[in-house]
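Here are a few notes to read alongside the model.

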Amino acid sequence: MKIFNKGKSRLSRRITWRVILIMVLFNVFIFGTVILSDLILSMMEGENRAKHIIDGIEGKLTTMLRAVEVASKNNLAEIEASLDSPEKVFDALEHELRVNNLYIGCAAAFEPNYFASQGHWFEPYVKFSDSAYVERKQIGSAQHDYLKMEWYEKAFHMDKGKGFVSDPYFDDAGGKRILFTFSTPLFNRKGRKVGVFGIDLNLDWLGQTLADEEKKFKYAEFTENDPDQPDDKDDTFFIQVLDSKGKKIAGSKSFDEKTLHTIQEKDSIAFEEVKIKGDTYFISSRRLGRTNWTLIVAQHKDLVYLNVYALGVIILFFMIVGGIVLFFFTSRRIKLAIQPLRFLSDSAKEVAQGHFDTPMPTFKHQDEIAQLRDSFCSMQQSLKRYVEELKVSTATKASIESELNVAHSIQMSMLPKEFPPFPERNDINIYGIQKPAKAVGGDLFDFFIRDEQLFFCIGDVSGKGVPASLVMAVTRTLFRNISVHTAEPSHIMETMNVAVCDGNDNNMFVTLFIGVLDLQTGHLCYCNAGHDSPYIQRDMLPCDPNLPIGVMPDWHFTEQETDMASGTIIFLYTDGLTEAENTHLEQFGHQRVSEVITSFEGTPQQLIACMSDAVRHFVGETEQNDDLTMLAIEYKNDK
């Protein structure tokens with residue numbers, strides 16, 4: 001039993017890598033699907049996070065303002081009932097302050113000269129100086145012109161029971177700090193609007209609320225791994241509140257003008273990607289109720305995509321580890337699975353080297369490889385038979401080719417092959433060629449001189465190959481034998497026609513042109529049997545439309561005549577010239593033949609060489625599909 005080569009199989013490597021490639025593509029698809037899903041969920045989570053924070057802060061502010069509004073309405077009547085004297089106004093304000101200890105302070109600002117004794121500006125203000133003592137003071141003055149302040153102007157023009165929440169500002173006369181004011185108009189007993197009641201509210205709770213929310217999300221996962229990272233440098237998550245003019249009220253970071261403009265244009269932003277100082281953030285914003293303030297939540301893309309990054313790293317790790325394990329396991333299993341193919345390949349190599357008796361390996365399992373082995377066995381036997389048959393057919397073909405070569409030589413020997421054929425004469429110059437499409441062909445041309453007359457012909461047998469060559473040989477022999485006894489081209493043609501028709505069971509025919517040129521006078525008699533008309537100089541010779549020979553034995557062929565001047569060339573050819581095709585299946589045609597002849601001046605040999613070059617250039621690499629024969633005769637009589 002032959003020992004087979006157990007070298008490493010290239011097929012196993014290809015299969016292994018293809019399996020791995022398929023698994024990688026599948027895993028990449030799964031990886032992409034999971035990451036994309038997680039990305040969508042992370043963005044939804046980021047959007048919900050921002051909405052939850054905004055809802056919470058807005059709820060606190062709304063609750064606070066509602067409480068202030070309710071308290072203001074409940075105590076406004078007491079203040080309006082105390083408008084008789086400045087002292088009563090102070091008392092009413094202090095009472096309001098003591099029952100609402102969340103206030104920084106409260107004030108009643110009056111129209112100019114409302115109390116004549118107090119002058120143009122009168123704004124009584126009360127606030128706690130400590131936890132028990134209430135400080136009273138009149139803060140209205142030219143330096144503190146409350147009449148031009150937003151909280152006064154906007155509230156004064158409101159209807160009874162309505163209130164205005166101002167933007168935060170620094171109060172340099174009353175509260176001595178940054179605060180915002182809830183104000184509502186004051187009416188006297190006659191129902192006339194006389195001033196504004198204002199309550200100063202603390203903003204510290206807002207800043208603390210924003211800071212508490214930011215601490216929950218600022219790189220919560222990353223700061224655990226990097227506890228030394230300072231919080232003030234962490235811009236992963238921040239919240240900001242803007243007033244109606246776009247100025248920051250509270251928050252840890254300021255936006256650039258472009259981002260502020262984008263935010264201020266909209267009442268709310270659900271979840272939108274923006275660039276802030278080169279970093280990508282997702283911002284959400286909303287105009288807070290009862291105010292013109294805007295609350296903004298900005299989340300860095302790393303925070304939004306945190307779960308995506310973490311999940312991607314985990315999946316990628318398991319994909320790499322799993323891929324390595326899968327590669328070694330798959331490679332091993334595939335090598336074992338295709339090992340029988342290596343044995344079969346070695347046997348096939350022996351058969352390919354001509355050892356047709358090499359035994360094929362046997363396998364335990366009747367699977368596709370075993371079926372392939374049976375097919376190889378059948379092929380082995382078929383090859384053995386084929387080689388034996390090929391030896392016989394090769395010998396036969398060699399014999400046929402040898403015979404065709406002999407036939408080609410015989411056929412060529414029957415045609416004129418020495419040029420010039422009559423070197424002793426100076427009144428005639430002849431040149432001709434024949435190029436068969438196969439080993440032997442059906443074209444012919446011939447000429448000889450008898451009694452100072454040149455007998456010549458050119459013909460084309462229907463078909464190609466050996467049958468056409470045999471008819472060609474018969475036709476050439478008939479032309480020679482009959483022309484010896486008569487000089488009439490029509491008589492020669494009719495006699496040849498009867499002979500070819502006799503016993504023509506294969507219905508083959510010959511297009512033929514026969515001419516007899518008197519070398520003394522230049523008088524040409526000719527007869528054409530269905531052949532292409534030759535050219536005399538630059539003009540086509542007129543020819544009657546006779547049938548080819550071999551078609552009808554009783555056909556009467558007409559004879560024609562013309563005179564050739566000295567120096568005239570008659571050019572004869574077969575349809576292999578005009579029907580030569582190029583790669584575009586275009587034919588050389590009569591027009592191109594005429595163009596070559598018209599532009600030519602020289603000897604018959606030069607004419608045929610020029611025509612051959614034109615055809616060769618036209619057809620290019622296209623294989624010759626028909627026999628090509630050309631004959632040129634120049635008559636020169638200087639007498």
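**Cavity and sheet**

1. Strand 5 (169-171) and strand 7 (193-202) each supply at least two residues to the lining of the largest cavity. Strands here are DSSP runs (E, at least two residues) and helices are runs of H or I (at least four), numbered from the N terminus. This is a predicted model: local features need pLDDT of at least 70, side-chain atom pairs count only at pLDDT 80 or more, and totals for chains, interfaces and linings use all residues. Residues are numbered from 1 along each chain as its sequence is written, and side-chain values use heavy atoms, leaving out hydrogens and water.

2. That cavity has a volume of about 80 Å³. A cavity is a set of points on a 1 Å grid, over the protein atoms alone, where a 1.4 Å probe fits but cannot get out; lining residues have an atom within 4 Å of a point. Volume is the space filled by probe spheres set on the points, which are joined across faces, edges and corners.

3. Among the lining residues are Glu123, His144, Trp151, Tyr169, Asp171 and Asp200.

4. Elsewhere, five strands form an open sheet in the order 14-15-16-17-20, with antiparallel pairing. Two strands pair if DSSP finds at least two bridges between them. Strand 14 (443-450) and strand 20 (560-563) are the edges, each pairing on one side only.

5. Strand 14 and strand 15 (residues 453-461) pair in the antiparallel sense over eight bridges. Here, Asp443 stands opposite Asp460 in strand 15.

Definitions and conventions. 1 Å grid on protein atoms, 1.4 Å probe; cavity = no way out; pocket = protein on both sides within 12 Å on 5 of 7 lines; lining within 4 Å.
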